[in-house]
Amino acid sequence: MRTTLIGVVTSDRNSKTRRVDVERLHQHSKYKKIVRGRTVCYVHDENNDSKIGDTIEITECRPRSKSKRWELVRIVKSVSDVASQLKREDQVTDGELNAADIEEQIDASGNNENAVQDAGAEEPSVEESK
């Protein structure tokens, strides 16, 4: 049975090779304190799918080179997905997106027409004084 681990890509400089840090917690043998440890694995990524910061699942394989003993199974969480989601949330909370922008995005995706009301973005009414 092959071991599978989940770690974070820390380097993607080499073609088809990724450096992955697998974090773990263990108890110190003498002081009995819980300490963090990390294992560095070099992973074979045939299609160069993963990027720095991605969380990936890896499994043991035959030795492919002097240090490469693991291969990519799947990308658990992509950094680009997370970054785009965080950017969108920041824009909504900062008020950079107005009702028209939200409506355009919703219409483009083909969702509900009443999305402006659902998003909570309302046009402020301005009264003119005479």
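**Close-up 1. Thr59, a buried residue in strand S4.** With a relative accessibility of 11%, Thr59 counts as buried, since buried means under 20% relative accessible area, exposed over 50% and partly exposed in between (1.4 Å probe, protein chains only). Thr59 sits in S4, which covers residues 55–60; strands here are DSSP runs of E with at least two residues, numbered from the N terminus. This is a predicted model, in which local features need pLDDT of at least 70 and side-chain atom pairs count only at pLDDT 80 or more, while totals for chains, interfaces and linings use all residues. Residues are numbered from 1 along each chain as its sequence is written, and side-chain values use heavy atoms, with hydrogens and water left out. A polar atom of the Thr59 side chain lies 3.3 Å from the backbone oxygen of Thr3. That is a polar contact: a pair of N or O atoms within 3.5 Å, where, within protein, one must be able to donate a hydrogen and the other to accept it, and residues adjacent in sequence count only if both atoms are side-chain atoms. Setting aside residues up to four places away in sequence, Thr59 touches Arg2, Thr3, Thr4, Arg69, Trp70, Glu71 and Val73 (contact means heavy atoms within 4.5 Å).

**Close-up 2. The nonpolar core around Val22.** Eight residues make up the largest nonpolar core: Val9, Val20, Val22, Cys41, Val43, Ile56, Ile58 and Trp70. S2, S3 and S4 are the elements that give two or more residues to this core. By nonpolar core we mean a set of buried Ala, Val, Leu, Ile, Met, Phe, Trp, Tyr and Cys residues joined through side-chain atoms within 4.5 Å. Zoom in on Val22 and, leaving out neighbours within four places in sequence, you'll find contacts with Leu5, Ile6, Gly7, Gly37, Arg38, Thr39, Cys41 and Ile58.

**Close-up 3. Lys32, out in a loop.** Lys32 belongs to the loop between strand S2 (17–27) and strand S3 (34–44). It counts as exposed because its relative accessibility is 53%.

Close-up 4. Most residues other than glycine have a negative phi. Lys16 has a positive one, near 65°, and is found in the loop between strand S1 (4–11) and S2. With a relative accessible area of 32%, Lys16 is partly exposed. Asn48, also not a glycine, has a positive phi of about 55°. Look for Asn48 in the loop between S3 and S4; at 32% relative accessibility, Asn48 counts as partly exposed.

How values were computed. Helix = DSSP H or I, 4+ residues; strand = E, 2+ residues; numbered from the N terminus.
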